[in-house]
Amino acid sequence: MENAKLFEAKLQRILQAAGEPNDAGLARILGIKPPSVAAARKRKQIPSSWVEKIAESYDVNANWLFFGIGPMHLSPVIQTSDQAHPQQEPQEQFEPPTPENEVDYLREENKYLRDENKEFRQDNKELRAEIKELDQDNRRLRHSARDLELRVEMLQEDIAELKQENDKLKLKPDRDQDLTNEDDERRTA
């Protein structure tokens, strides 16, 4: 449950930094398809490339995106309007990390990496099981293929024997035809 809360908090920070209210907008900004965002939600795991892209594109503190630590922006962001006198929005001041913040950050990062490692191990285990099943299927298919090859060879041998027998029958004089021809010759004579 805690992992789900951390995930949701991180995703909300990403949406906030990108200025997007929903997954479809985030997918558009990241240049991915919306099902990719849905898949990340299902796995409760945000690819680090998303964080990097948002951090670079919007000049956002990656530590804030990942862990909610520090200010959102490392440098002041100036936004202007089309008014005659542009106004600057109030900005968060950059605070250098304190040792306590650094320790908290490292603990959070360590926890995140352990969780991610655990998920990778589970994925690895599932993939190994899938590979094992595919190997078994492959063995069964190869065995079936060998059986079919033997059956084809036997049928080819049978066909060859039948052709030989057929050729012998074609060369053998037809007795009934010969008798009919002799009867016809006697009658005409």
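The model is a predicted one, and the protein chain in it has 7 helices and 0 strands. Read along the sequence, the chain therefore follows the pattern α-α-α-α-α-α-α, with helices numbered from the N terminus.

**The chain as a whole**

- Of the 189 residues of the protein chain, 19% count as buried, where buried means under 20% relative accessible area.
- The accessible surface of the protein chain comes to about 15,200 Å², and 52% of that surface belongs to carbon and sulfur atoms.
- When contacts between residues at least 6 apart in sequence are considered, 49% of them join residues at least 24 apart.

**Helices α2 and α4**

- Two packed helices are described by the angle between their axes and the distance between the axes.
- Helix α2, which spans residues 23–30, packs with helix α4, residues 48–58, at an angle of about 75 degrees, and their axes are 11 Å apart.
- Because angles of 65 to 115 degrees count as roughly perpendicular, α2 and α4 are described as roughly perpendicular to each other.
- On the α2 side the contact is made by Leu26, Ile29 and Leu30, while α4 contributes Trp50, Lys53, Ile54 and Tyr58.
- The residues of this contact between α2 and α4 divide into 6 nonpolar, no polar and 1 charged.

**The buried side of α4**

- Within α4, the residues Trp50, Val51, Ile54 and Ala55 are buried.
- These residues lie on the same side of α4, because they cover an arc of only 125 degrees around the axis.
- An α-helix has 3.6 residues a turn, so residues three or four places apart point the same way.
- Asp59 follows α4 and has a positive phi, near 50 degrees.

**Gln45, in a loop**

- Gln45 has its place in the loop between α3 (34–43) and α4.
- With a relative accessible area of 12%, Gln45 is buried, because the cut-off for that term is under 20%.
- Leaving aside residues up to four places away in sequence, Gln45 touches Phe7, Ala40, Glu116, Glu119 and Phe120.

**Glu102, in helix α6**

- Glu102 lies in helix α6, which covers residues 99–171.
- Glu102 is partly exposed, and its relative accessible area is 34%.
- Glu102 and Gly70 are 32 residues apart in sequence, and in space they are 9.9 Å apart, C-alpha to C-alpha.

How values were computed
Residues numbered from 1 in each chain as written. Predicted model: local features only at pLDDT ≥ 70, side-chain atom pairs only at ≥ 80, totals over all residues. Heavy atoms only, no water. Axes fitted to C-alpha atoms, helices over the stretch in contact; angles between N-to-C directions. Helix = DSSP H or I, 4+ residues; strand = E, 2+ residues; numbered from the N terminus. Parallel < 35°, antiparallel > 145°, perpendicular 65-115°, else oblique. Contact = heavy atoms within 4.5 Å. Nonpolar A, V, L, I, M, F, W, Y, C, P; charged D, E, K, R; others polar. Buried < 20%, exposed > 50% of the residue type's maximum accessible area, 1.4 Å probe, protein only. Areas by Shrake-Rupley, 256 points an atom, 1.4 Å probe, with all protein chains shown as cover. Arc of directions from axis to C-beta.
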